[in-house]
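Let's walk through this one together, starting with secondary structure and moving on to the aromatic rings.

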There are 2 protein chains.
Amino acid sequence: MDKVEYGVLKLENQLCFPLYACSREIVKRYKPFLDKLELTYTQYIAMMVLWERKSVTVKELGERLYLDSGTLTPLLKKMEEKGLVTRMRSEKDERNLVVTVTDTGERLKERAVEVPLQIAGCTKLTAEEGMLLYELLYKMLGKQSSQGK
Amino acid sequence: MDKVEYGVLKLENQLCFPLYACSREIVKRYKPFLDKLELTYTQYIAMMVLWERKSVTVKELGERLYLDSGTLTPLLKKMEEKGLVTRMRSEKDERNLVVTVTDTGERLKERAVEVPLQIAGCTKLTAEEGMLLYELLYKMLGKQSSQGK
DNA sequence: CTCAATTCAATTGAGTACAATTTATTATAG
DNA sequence: CTATAATAAATTGTACTCAATTGAATTGAG
């Protein structure tokens, strides 16, 4: 009767913590594979959008990745230096900066396809559990799942 | 027949991405509440361990939070400056640094209990979904769930 | 038209993360 | 006992992450 409901403050009773820890652990699992491509994890997911779209504005990329220009501007400048993308102001609206994959960036895609395959072997979840986790995470993110691809 | 299996490289087919995005979004949801306590998210989870254990070494704290001394040393120094913890070398083994909650740190616990309650209202998942997500994340982290608390 | 509001990137500053190295301390093989 | 190995923090350097601010370009109300 002395202690109140401090149980809610225990780390093991938090949902946020395994989410935070798991996210970082997964990024670490990607590292050895991404090192071979000389990409960081953030650069990798940015390239995923670019391989799919060819050209996007910083704003669109940010909406897709949940990142803002504070993160993306320096990231994209490094990717430009590496020759993976070009950065150019839109002619229609010069406030927009258009990022486009170069041929070098496009060629990297061929080596990158191996990454998801190699990572799949490191996962401790079954396919069904992975699917379920996917659905729950997107629900938590507040978006409709686009699983039915 | 021209395109190969590039579908594996689509952002929407990744499990890692919603994990990464969700983790950051949740930390953002905590921010307004943690701001009132003048804690960052990382400081908050470190305090959770300390509220539970009273005293831990940097090594133990790191194992619990999946963080290393490179992250924890500056974090704990800031927490010491704020008067939340003390940092002292262990007498038994001076390689170990023992972190202990101060009275100020202990008092913060009383205000912190509100945080999980207020966050709970922001979640888009049902209790069952939350539990399921929790189990899946711990399985992915490669630890046995300690849910049966 | 024209100036105030809006939009988009860039910048700034604080705070992590983490790999790799260094330093101090303790354990251990010979 | 002593040189070596192992361990724990701290340090260093790179790379995000994000809130807040700034500045240039565009929009829109009057």
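Helices here are DSSP runs of H or I with at least four residues, strands are E runs of at least two, and both are numbered from the N terminus. This is a predicted model, where local features need pLDDT of at least 70 and side-chain atom pairs count only at pLDDT 80 or more, while totals for chains, interfaces and linings use all residues. Residues are numbered from 1 along each chain as its sequence is written, chains are lettered from A and ligands numbered from 1 in the order in which they are written, and side-chain values use heavy atoms, with hydrogens and water left out.

Take the sheet in chain B to begin with. Its three strands run in the order β1-β3-β2, open and antiparallel, where pairing takes at least two DSSP bridges between two strands. β1 (55-57) and β2 (85-89) of chain B sit at the edges with a single partner strand each, so one side of each has no neighbour in the sheet. From one strand to the next, the twist averages 25° (axes are lines fitted to C-alpha atoms, for helices over the stretch in contact, and angles between N-to-C directions run from 0 to 180 degrees). Three bridges join β1(B) to β3 (residues 97-101) of chain B in the antiparallel sense, and Val56(B) has Val99(B) as its bridge partner in β3(B). Helix α3 (residues 58-65) of chain B packs on this sheet, in contact (heavy atoms within 4.5 Å) with β1 and β3 of chain B, and its direction makes about 90° with that of β1(B).

Now for the rings. Phe, Tyr and Trp (by its six-membered ring) pair if the centres lie within 6.5 Å; planes under 30 degrees apart are stacked, over 60 edge-to-face, and the rest tilted. That gives 14 aromatic pairs over all chains. Tyr41(B) and Tyr44(B) make a tilted one, 6.4 Å centre to centre with 50° between the planes. Both lie in helix α2 (residues 41-53) of chain B, three residues apart, or about one turn of the helix. Buried means under 20% relative accessible area, exposed over 50%, and partly exposed in between (1.4 Å probe, protein chains only). Tyr41(B) counts as buried because its relative accessibility is 6%, and Tyr44(B) does so at 0%.

The charged end of Arg24(A) sits over the ring of Tyr20(A), 4.2 Å from its centre (the rule asks for NZ of Lys or CZ of Arg within 6 Å of the ring centre and within 35 degrees of the ring normal).
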